[in-house]
Amino acid sequence: MSSPHLQTYNERAKKHANKAARALLAVMEEKQSNLSVSVDVTKSKDFFDIIEAVGPHVCLIKASTHIDVLEDFDATVIERLRELSERHRFLIFEDRKFADIGNTVALQYSKGIYKIADWAHITNAHAVPGPSIITGLASVGIPKDRGLILLAEMSSKGALTTGSYTEDAVRMARARRDFVIGFIAQHRMEGIGASDTDNIAEEDFLVLAPGVGLDVTGDAMGQQYRTPEQVIFESGCDVIIVGRGIYGKGENVDTREVLKQAQRYQVAGWEAYKKRVQHT
């Protein structure tokens, strides 16, 4: 049998253990999109203008690289985001990057003014605290059919998420495949850090890759960009995460241009995926 990432999204959806992962893969197949837009803005008007424009063309909205950067946040933001998710058929990924002990992250995930677990289908965490961070988040997320992404690699220059850190992150995920559905990474993770006794034959972690651009290779902040072809076809990742390449600075957005760029990235990502599965 071929490696899971060489199978279609639909084939993988039928076999995945986690409901959030199944839902994401099914949406990707249905909409012919592996595009996630990272909506990194500080005003709710810009936030929703972008989402309204890209919604029909994405599988996943990465919510504001922490919803708490919205300066005018209130409860209506979540209500509208959930309505758009249902209308346009995309999942919500809150890029919270949890990084504390189990009890603390369980509270951060479920309580406070954001109550992330109530509306975000997927969230993410650093592996630095060890397995307890997964235990804490899972205690909240599993009853709500949520999924967790671990940060295994990052796209910024000089990132420390390499070598043994990445291996340990994958080992932690392998032990909790009921809740951990994949990674923020730059290439496939199957088999990384595996022992001789680990059963990895059907291991299928989703790989969400940031740092994707069609027109630039980097920025002044150390971000490095690769094309959808490099990310999806060459590196075997599953979802391309794009932000400024679609909406620029994110202020007073031109929704027609945002729509145009979203369609452009959707097509590029899907063509790279079709090329990958057709090569099996």
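User: What covers the buried residues of H5?
Analyst: The cover includes strand S3 (91-98), strand S4 (122-125) and helix H6 (132-141). Contact here means heavy atoms within 4.5 Å. Helices (H or I, at least four residues) and strands (E, at least two) are DSSP runs, numbered from the N terminus.

User: What sort of model is this, and what goes into the values?
Analyst: It is a predicted model: local features need pLDDT of at least 70 and side-chain atom pairs count only at pLDDT 80 or more, while totals for chains, interfaces and linings use all residues. Residues are numbered from 1 along each chain as its sequence is written, and side-chain values use heavy atoms, with hydrogens and water left out.

User: Back to H5. Which residues are buried there?
Analyst: Gly102, Val105, Ala106 and Tyr109, in a helix that spans residues 102-110. Buried means under 20% relative accessible area, exposed over 50%, partly exposed in between (1.4 Å probe, protein chains only).

User: Where do they sit around the axis?
Analyst: They fall within an arc of 105° seen down the axis of H5, so they line one face of the helix. The arc is taken over the directions from the helix axis to the C-beta atoms. An α-helix has 3.6 residues a turn, so residues three or four places apart point the same way.

User: What comes just after H5?
Analyst: Glycine 112, with a positive phi of about 75°.

User: Which residues other than glycine have a positive phi?
Analyst: Glutamine 32 is one, with phi near 50°. Lysine 97 is another, also near 50°. Glutamine 32 lies in the loop between helix H2 (19-31) and strand S1 (35-38). Lysine 97 lies in strand S3.

User: How accessible is glutamine 32? And lysine 97?
Analyst: Glutamine 32 is at 46% relative accessibility, so it counts as partly exposed. Lysine 97 is partly exposed too, at 23%.

User: New topic. How many residues of H3 are buried?
Analyst: 8 of its 11 residues, so H3 is mostly covered. They are Ser44, Asp46, Phe47, Phe48, Ile50, Ile51, Ala53 and Val54. The cover includes S1, strand S2 (60-62), H4, helix H9 (244-247) and H10.

User: What does serine 44 touch?
Analyst: Leu70, Asp72 and Val77, leaving aside neighbours within four places in sequence. Serine 44 has 17% relative accessibility and so counts as buried.

User: How do the axes of H3 and H4 run?
Analyst: The axes of H3 (residues 44-54) and H4 (residues 75-88) come within 11 Å and cross at roughly 5°. That makes the two helices roughly parallel. Axes are lines fitted to C-alpha atoms, for helices over the stretch in contact, and angles run from 0 to 180 degrees between N-to-C directions. Under 35 degrees counts as roughly parallel, over 145 as roughly antiparallel, 65 to 115 as roughly perpendicular, the rest as oblique.

User: Which residues meet?
Analyst: Ser44, Phe47, Phe48, Ile51 and Glu52 in H3 meet Val77, Arg80, Leu81, Leu84, Arg87 and His88 in H4.

User: What about aspartate 49, what is it in contact with?
Analyst: Val253 and Thr255, setting aside neighbours within four places in sequence. Aspartate 49 and threonine 255 are 206 residues apart along the chain, yet their C-alpha atoms are separated by 6.8 Å.
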